Amino acid sequence: MSQNGLKQTADAEDFSLTRMELIGLTLAANGYRAGEIAMRLGVSEKETETLLFCAERKLGAKNRLHAIAIAVSQGLIGIEV
């Protein structure tokens, strides 16, 4: 905790993100497109788009890139370098 008592990072539960949403965001953050994410998750591309859209809404993001930025800044996901 910081000096003012607030947490520096959030937990996935703080945003009610599911494991699949976190995995989808992580893959998107690492450059995978919806079709590639769908193949890795074993779901349809439409389901993947819906999954990512739900994650965006839960994070209060304006778009997918914004959702990734929020998730990274909150320590919910990482990016491979």
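## A tour from a charged network to the core

Begin by selecting Arg 64 and Glu 56, which in this predicted model form a salt bridge whose closest N and O atoms are 3.6 Å apart. Glu 56 is buried, with a relative accessible area of 10%, whereas Arg 64 is partly exposed at 26%. Through shared partners, Glu 49, Glu 56 and Arg 64 are joined into one network.

Next, select Lys 58 and Glu 21, another salt-bridged pair, with the closest N and O atoms 3.0 Å apart. Because Lys 58 sits in helix α4 and Glu 21 in helix α2, the pair ties together parts that are 37 residues apart in sequence.

Now turn to the largest nonpolar core, which has 19 residues, and select Leu 25, Leu 59, Leu 76 and Ile 77, the members that touch the most others. Helix α2 gives the largest share of this core, five residues. If you then centre the view on Leu 59 and look beyond its neighbours within four places in sequence, its contacts include Phe 15, Leu 25, Ile 70 and Leu 76.

Finish at α3, where Ala 34, Ile 37, Ala 38 and Leu 41 are buried. These residues cover an arc of only 100° around the axis, so they lie on the same side of α3. The face turned away from that buried side carries the exposed residues Met 39 and Arg 40.

Conventions: Residues numbered from 1 in each chain as written. Predicted model: local features only at pLDDT ≥ 70, side-chain atom pairs only at ≥ 80, totals over all residues. Heavy atoms only, no water. Core = buried A, V, L, I, M, F, W, Y, C linked by side-chain atoms within 4.5 Å. Buried < 20%, exposed > 50% of the residue type's maximum accessible area, 1.4 Å probe, protein only. Helix = DSSP H or I, 4+ residues; strand = E, 2+ residues; numbered from the N terminus. Contact = heavy atoms within 4.5 Å. Arc of directions from axis to C-beta. Salt bridge = Lys/Arg side-chain N within 4 Å of Asp/Glu carboxyl O.
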